[in-house]
Amino acid sequence: GSSDTSGSKASRSWFGGKGSGSSSSGGSNSTDDEERRWRKWVDERFVKVLTANIYRSWDESWNTFSYMTQQSHWSWPVQQSVRLAGAALMWQVGRGMPKKYSITGDLREALYKEANSFVAAVGDRKFMGGDLPNLADLAVYGVLQAIKGTPTYNDVVMNSKVGQWLSRMVQAVGDSCEVKQVPAQQ
C-alpha cells in the first residue's frame, strides 16, 4: 500500500473536514502546518485524554451523564434510562482507555499536561491563530465546551494554564448556544 493517507479516515479531523489546510495561495506555510499539527493533536491525543478523564470513575461517569441528560429535551424516564445505561457503559469503557491510548500516570495530571502543552504553543499570542482564533483554537475550544458543567471541565480550568486562553475564546467566539442551568454538583 501507499504511504499517502490523505484520503483515509485517519487523516480526517472531526472539526473542519480533512486534517489538512491550505493557505489562500494554495500552498502551505508554517502557520498552516502549526494549525494542522494542533488540530491533529486534538483528534489523536486531547480528546482521548479528556474522555478518559470524564469516565475515569463511576462518580464522574454518573455526573457526566447526569449533565448530558439534563441538557436534553428528553422526558424524565428517558433521561434516567440514558443516565444509568450510559454511565455504566462508559465507566466500563473508560477503565480501558488509559492502556488503549497510552495514558500513563494520574489521568488528571495527564490532562493538565496536555492542556498546558497547547497553552505553551500559543505562547504570547492571544490565540494559536494570532489575534484571531484559527481552527486549532476552535477545535480545542469545542472539545472543552462539550464537557462544560462536568467536574473534569472545572478541574482542567482551575488546575492548568488554559483558563486565560479559554476566557479570550469566550470573548471572541461566544459561549455555547444552548446550555441549561443545572444545580452545581457537590
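Some ground rules to begin with. This is a predicted model, where local features need pLDDT of at least 70 and side-chain atom pairs count only at pLDDT 80 or more, while totals for chains, interfaces and linings use all residues. Residues are numbered from 1 along each chain as its sequence is written, and side-chain values use heavy atoms, with hydrogens and water left out.

Let's take the overall picture. Helices here are DSSP runs (H or I, at least four residues), strands are E runs of at least two, and both are numbered from the N terminus. Of the 186 residues, 38% are buried. For burial, the cut-offs are under 20% relative accessible area for buried, over 50% for exposed, and partly exposed in between, with a 1.4 Å probe and protein chains only. Contact means heavy atoms within 4.5 Å. Among contacts with a separation of 6 or more, 68% join residues 24 or more positions apart.

Now to helix H1, residues 30-54. How far apart are its end C-alpha atoms? They are 34 Å apart, which agrees with the 36 Å that its 25 residues should span at 1.5 Å a residue. The expected span is 1.5 Å times one less than the number of residues. H1 also has a kink of about 45°, centred on valine 42. That bend is the angle between axes fitted to the seven residues ending there and the seven starting there.

Next, a helix pair. Helix H5 (residues 135-146) packs against helix H7 (residues 163-173) at an angle of about 100°, and their axes are 11 Å apart. That makes the two helices roughly perpendicular, a label for angles of 65 to 115 degrees; under 35 counts as roughly parallel, over 145 as roughly antiparallel, and the rest as oblique. The axes are lines fitted to C-alpha atoms over the stretch in contact, with angles running from 0 to 180 degrees between N-to-C directions.

Who makes that contact? From H5 we have Asp137, Leu138, Val140, Tyr141, Leu144 and Gln145, and from H7 we have Trp165, Leu166, Met169, Val170 and Val173. By class, that is nine nonpolar, one polar and one charged residues. Nonpolar covers Ala, Val, Leu, Ile, Met, Phe, Trp, Tyr, Cys and Pro; charged covers Asp, Glu, Lys and Arg; the others, Gly among them, are polar.

Staying with H5, leucine 138 sits in this helix and is partly exposed, because its relative accessibility is 24%. Its C-alpha atom is separated by 9.8 Å from that of phenylalanine 127, 11 residues apart along the chain.

Valine 156 touches Leu111, Tyr112, Ala115, Leu144 and Val162, leaving aside residues up to four places away in sequence. Leucine 111 is 45 residues away in sequence, yet 7.0 Å away C-alpha to C-alpha.

Finally, the stretch around H3. Tryptophan 74 lies in the loop between helix H2 (58-70) and H3. At 44% relative accessibility it is partly exposed, and it touches Thr69, Gln79 and Val82, again leaving aside residues up to four places away.

Lysine 100 belongs to H3 and is exposed, at 62%. Its C-alpha atom is 9.7 Å from that of lysine 48, 52 residues apart along the chain.

In the loop between helix H3 (76-100) and helix H4 (107-122) we find serine 102. Most residues other than glycine have a negative phi. Serine 102 is not a glycine, but its phi is positive, about 55°. It is also exposed, with a relative accessible area of 55%.
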